[in-house]
Amino acid sequence: MPRVRIVHWKPDEAGPLVEACQQGGIEAEFDAEAISGPAVGRAIRQNPPDAVVIDLSRLPSHGREIAVWMRSVKAVRHIPIVFVNGEAEKIEKTRQILPDAAFTTTARLRSAIAAACRRQVADPVQPPPMMERFKTRTAAQKLGIKEGATAAVVDPPRDYANVIGELPKKAALLEDPHAVQSVTLWFVHDPAGLGAGLRKMRALADKTKLWILWRKGSDKGITQNGVRQAGIDAGLVDYKICSVNGRWSGILFARKKASNQE
């Protein structure tokens, strides 16, 4: 019986994938309490499955990066990768990066897993890591600010426009807007400010791409590990780290579904 690891960023929506596997005689592993990128990576490394099934209907960029990471690690590089569902545009973008992965739907998942396990890729494609692919991207692109979009900036430094740099066409930055925007850039300057604002910002994490940004080498006690741990303690999940420019870094957070009780 094949054993697969299901990667899905919304625990309450992973059930159909698990059921599709089980009905086909496939052992499916999914841990609703360990859905962050680092947690998924650890699970795959510590107990390598016969195949990894990655959902593209939610947070497809995160799913792609899990697959790219797998191809960079010798111990798990040859594990078959099966992408399931997702929008056509996201599927095509993923296929360009990982052309030798399998792509399917929930209805055809069983047969896709069986075929992927039979077809061992002798020399799997190893895409460059995210940071290398991001070298030619602008800060706005890294942060997910798209053409025509508006991004909220919260507690920004005076030179925040220079930090973000060139914006896509018709995109704009709004200081502390009343309405929720598609992207929120929260600049934190010290641990006290981070702690004081987390509850309010956590409430937005279901509705926006929430980036917490801090100055590199800050002398105020703000560090990458400190920001990540504060977010996790507040019930958030860290998904992506971004070097915005030479002076600022950021972590993209989302809210844990199980903590969505407010």
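Visitor: What should the 13 residues of H3 span, at 1.5 Å a residue?

Guide: They should span 18 Å. The end C-alpha atoms of H3 are 19 Å apart, which agrees. Keep in mind that this is a predicted model.

Visitor: Is H3 mostly covered or mostly open, and how many of its residues are buried?

Guide: Mostly covered. Of its 13 residues, 10 are buried.

Visitor: Which ones are buried in H3?

Guide: Pro-60, His-62, Gly-63, Arg-64, Glu-65, Ile-66, Ala-67, Val-68, Met-70 and Arg-71.

Visitor: Now the neighbours. How do you describe two packed helices?

Guide: By the angle between their axes and the distance between those axes.

Visitor: OK, what are those values for H3 and H4?

Guide: The angle is about 15 degrees, and the axes are 11 Å apart. H3 covers residues 60-72, and H4 covers residues 88-97.

Visitor: What does that make them to each other, roughly parallel or roughly antiparallel?

Guide: Roughly parallel. Angles under 35 degrees count as that, so H3 and H4 qualify.

Visitor: Which residues make the contact?

Guide: H3 brings Pro-60, Arg-64 and Val-68. H4 brings Lys-90, Lys-93, Thr-94 and Ile-97. By class, that contact has 3 nonpolar, 1 polar and 3 charged residues.

Visitor: Why would residues spaced like that point the same way on a helix?

Guide: An α-helix has 3.6 residues a turn, so residues three or four places apart point the same way.

Visitor: What about H2 and H3, at what angle do they cross?

Guide: Roughly 40 degrees, and their axes come within 11 Å. H2 is residues 37-46. H2 and H3 are therefore oblique to each other.

Visitor: Is that crossing left-handed or right-handed?

Guide: The crossing of H2 and H3 is right-handed. From H2, the contact uses Gly-37, Val-40, Gly-41, Ile-44 and Arg-45. From H3, it uses Ile-66, Trp-69 and Met-70.

Visitor: And the classes there?

Guide: The contact of H2 with H3 has 5 nonpolar, 2 polar and 1 charged residues.

Visitor: Where does Leu-59 lie?

Guide: In the loop between strand E3 (51-55) and H3. Leu-59 has 31% relative accessibility, so it counts as partly exposed.

Visitor: What about Asp-176, what is its phi?

Guide: Asp-176 has a positive phi of about 40 degrees, and it is not a glycine. Its place is the loop between strand E7 (172-175) and strand E8 (183-187). With a relative accessible area of 44%, Asp-176 is partly exposed.

Technical notes
Residues are numbered from 1 along each chain as its sequence is written. This is a predicted model: local features need pLDDT of at least 70, side-chain atom pairs count only at pLDDT 80 or more; totals for chains, interfaces and linings use all residues. Side-chain values use heavy atoms; hydrogens and water are left out. Axes are lines fitted to C-alpha atoms, for helices over the stretch in contact, and angles run from 0 to 180 degrees between N-to-C directions. Helices (H or I, at least four residues) and strands (E, at least two) are DSSP runs, numbered from the N terminus. Angles under 35 degrees count as roughly parallel, over 145 as roughly antiparallel, 65 to 115 as roughly perpendicular and the rest as oblique. Contact means heavy atoms within 4.5 Å. Ala, Val, Leu, Ile, Met, Phe, Trp, Tyr, Cys and Pro count as nonpolar, Asp, Glu, Lys and Arg as charged, and the others, Gly among them, as polar. The expected span of a helix is 1.5 Å times one less than its number of residues. Buried means under 20% relative accessible area, exposed over 50%, partly exposed in between (1.4 Å probe, protein chains only). A crossing is left-handed if the near helix is turned anticlockwise from the far one by less than a right angle, and right-handed if clockwise.
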